[in-house]
Amino acid sequence: MSKTIIVQYLDDTIERLQKIEKGDWIDLRAAYDYVIPKGEFQLIHLGVAMKLPEGYEGHLVPRSSTYKKYGIIQANHQGVVDNSYCGPNDWWYFPAIALNQDVHIKKGERICQFRIMEKQPEIEFIEGQMQDDDRGGFGSTGTK
């Protein structure tokens, strides 16, 4: 069943969102030109605010070519946008760090992508002792 996302665009020059033919992620673009000095942090405005469907959240990550093309990484590894983040000034941003050189990003360039996912169900925490076999400790899988 199709889900509806209400999108507010920063202005009429922002390219309208669309789902690509192959894949489930939706590309987002820089809303302005940016120059990020090497080693510096910058919030890249993505030109959109959205009201996600009830019970869903947005997961925002770099595109697979973002580091190769721009030499930036996402500062928080993955952004999670709750569906309550939907006011007229709740703009989406990509938190970038330039690693190797000064970075130039032009308005309209695809910089990251998102998809919506169902929110975590209601959960309850209870105290107890673990009874299953140990797996070998942190970082132990795949060492043999």
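Which residues make a nonpolar surface patch of about 360 Å²? I looked this up and found Phe41, Leu43, Tyr85 and Tyr93. I note the rule for patches: residues with over 30% relative accessible area and no salt bridge, where like charges are joined within 9 Å and nonpolar side chains (Val, Leu, Ile, Met, Phe, Trp, Tyr) within 5 Å. Accessible areas come from the Shrake-Rupley method with a 1.4 Å probe, and for residues only the protein chains shown count as cover.

The model is predicted: local features need pLDDT of at least 70, side-chain atom pairs count only at pLDDT 80 or more, and totals for chains, interfaces and linings use all residues. Residues are numbered from 1 along each chain as its sequence is written, and side-chain values use heavy atoms, with hydrogens and water left out.

Entry on Tyr93. I placed tyrosine 93 in strand β9, residues 93–98; strands (E, at least two residues) and helices (H or I, at least four) are DSSP runs numbered from the N terminus. The relative accessible area of tyrosine 93 is 32%, hence partly exposed. I use buried for under 20% relative accessible area, exposed for over 50%, and partly exposed for what lies in between (1.4 Å probe, protein chains only).

Entry on salt bridges. I searched the whole structure and found six salt bridges, each a side-chain nitrogen of Lys or Arg within 4 Å of a carboxyl oxygen of Asp or Glu.

I looked at aspartate 11 and lysine 107, whose side chains form a salt bridge at 4.0 Å, N to O. This pair links distant parts of the chain, 96 residues apart: aspartate 11 is in the loop between β1 (6–9) and β2 (26–29), and lysine 107 is in the loop between β10 (103–105) and β11 (110–118). Aspartate 11 is partly exposed at 29%, and lysine 107 is partly exposed at 38%.

I then checked aspartate 12, which has a salt bridge to arginine 16 at 3.8 Å, N to O. Aspartate 12 is exposed, at 74% relative accessible area, whereas arginine 16 is partly exposed at 39%.

Glutamate 15 and arginine 29 form a salt bridge at 3.3 Å, N to O.

Entry on Pro37. Proline 37 sits in the loop between β3 (34–36) and β4 (41–45), and is partly exposed with 40% relative accessible area. What does proline 37 touch, not counting residues up to four places away in sequence? I found Ala98, Gln101 and Asp102, where contact means heavy atoms within 4.5 Å. Proline 37 and aspartate 102 are 65 residues apart in sequence, but their C-alpha atoms are 4.3 Å apart in space.

Entry on Glu57. I located glutamate 57 in strand β6, residues 56–62. Glutamate 57 is buried and has no salt bridge; lysine 119, the nearest side chain of opposite charge, is 6.1 Å away. For charge, Lys and Arg count as positive and Asp and Glu as negative, with His and the chain ends not counted. Leaving aside neighbours within four places in sequence, the contacts of glutamate 57 include Leu52, Val80, Arg115 and Lys119.
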